[in-house]
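Notebook open; today I'm looking up aromatic contacts.

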Amino acid sequence: FGSSFSEVPCLARFVALVPPTTMKLTIAFTGAAAAPLKCGVASARFNDCASCLDAVLSTGKVDFWWNWDTETKVDYTALSPANQAKANETFVPMIWGQVLPDGEWDFLSKGTHIMGFNEPDQYGPSCDGDWNPPAYGCGAGEWRGGAPSRGGPPFYPSAGTAGNPHAASYWQDVINKLTAKTGGPRQVVSPSMAQVAEPGASCIGVDPSGADSPKYCYGWLKAFKTATLALDCTDFEGKATNCWDVIDAIQIHAYARTAAEVKEKIKGYETVFQEDFDGTNGRKKKTLWLTEVAMGSNNASEITEFVDDLMNAKDGLNNRETFGFVEKVSWFSDYSFDSFKVGTYVPHENEVWSSTLFFPFGQLSPVGERFFSHCGMSSVLV
């Protein structure tokens, strides 16, 4: 994952010793790059703008898309025939709990991957009455904002007990139910993380509503790894494994004012989960998916510059020597969303951000055009 300055002279000395007739072949072999970065879209807007989904799929650069649901919920008549099939093939459903949606296992017929729980390191998601099945701690059709006080055993990254199961045990139950079905996705994406990889104070058994309690569970996934390594799961190939190595990709979310902050967060996950990305010490080799990313801004010029800084081939995600372990990135696309503190930036009162890749009638926005311009690039080593 990158080379130090001291390695460059060694490579130069090696090339100098290679006969001219074999130099080209040898350089191609020693400089083999990771696969090109794959792009996607995270948006809940396609249910009221199917033409927007048609527009992004028509770029030919969408490897996957998702909407925090198990179903696409799209008007397929607004899509071209080719994009109707593509919408199903590239959709990635997300599971929220142990409750099955109305269609039960029907959602497994779409796509090749399935995502785990959404941001359990935030202690508790909001209740969105449209979600089926509902999120942890929410009833069907219930609408309620998220709050730290809604944390509890389902969000602790440990196993708990039979009478008081925590997230690791819920995960074991859900995964084994999913993999018992045939004809479904073949790969599993971890629960998504909003916070940093490095652990802070333990959040197991902690009520985050307490005055001195941590409000987020930093390092949730590392603790979850420890717990799930001790649990038995079956993967989609029918092979027995532990409930951590059933995972094929680790997913994280990142919102920031600068792309440098996002890349720093990604590198933090690389450090903590190095053996997983390398496939060493008995671990199944995994990749990283950045499944939600956006700039905290409502200025299109600032955001397109942010996209360039994040995605470029010099020091961004398209530098596959440095970020080869990052397999996929999906931009968080919304017309507007509430601002919140990111890094050291504190938003103004009533500040609202925008991150949309498309306009309401289906055309790509300047941000969308810039984002997709960085997708489908050839592997680059510098």
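Predicted model: local features only at pLDDT ≥ 70, side-chain atom pairs only at ≥ 80, totals over all residues.

I ran the ring-pair rule and got 24 aromatic pairs.

Where do the two residues lie? I find tryptophan 244 in the loop between β6 (240–242) and β7 (249–256), and phenylalanine 273 in the loop between α7 (259–272) and α8 (274–278), so this pair ties together parts 29 residues apart in sequence. I checked burial too: tryptophan 244 and phenylalanine 273 are both buried.

Next I looked at tyrosine 335 with phenylalanine 358. Centres are 6.1 Å apart and planes at 90°, so I put this one down as edge-to-face. Tyrosine 335 is in the loop between β9 (326–332) and β10 (337–338), while phenylalanine 358 is in the loop between β11 (352–353) and α11 (366–373), so the pair ties together parts 23 residues apart in sequence. Accessibility for this pair: tyrosine 335 comes out at 25% relative accessibility, so I call it partly exposed. Phenylalanine 358 comes out at 1%, so I call it buried.

Last entry, charges over rings. I have the charged end of arginine 257 over the ring of tyrosine 345, at 4.0 Å from the ring centre. I also have lysine 267, with its charged end over the ring of phenylalanine 323 and 5.5 Å from that centre.

How values were computed
Residues numbered from 1 in each chain as written. Heavy atoms only, no water. Phe/Tyr/Trp six-rings, centres within 6.5 Å; stacked < 30°, edge-to-face > 60°. Helix = DSSP H or I, 4+ residues; strand = E, 2+ residues; numbered from the N terminus. Buried < 20%, exposed > 50% of the residue type's maximum accessible area, 1.4 Å probe, protein only. Lys NZ or Arg CZ within 6 Å of the ring centre and 35° of its normal.
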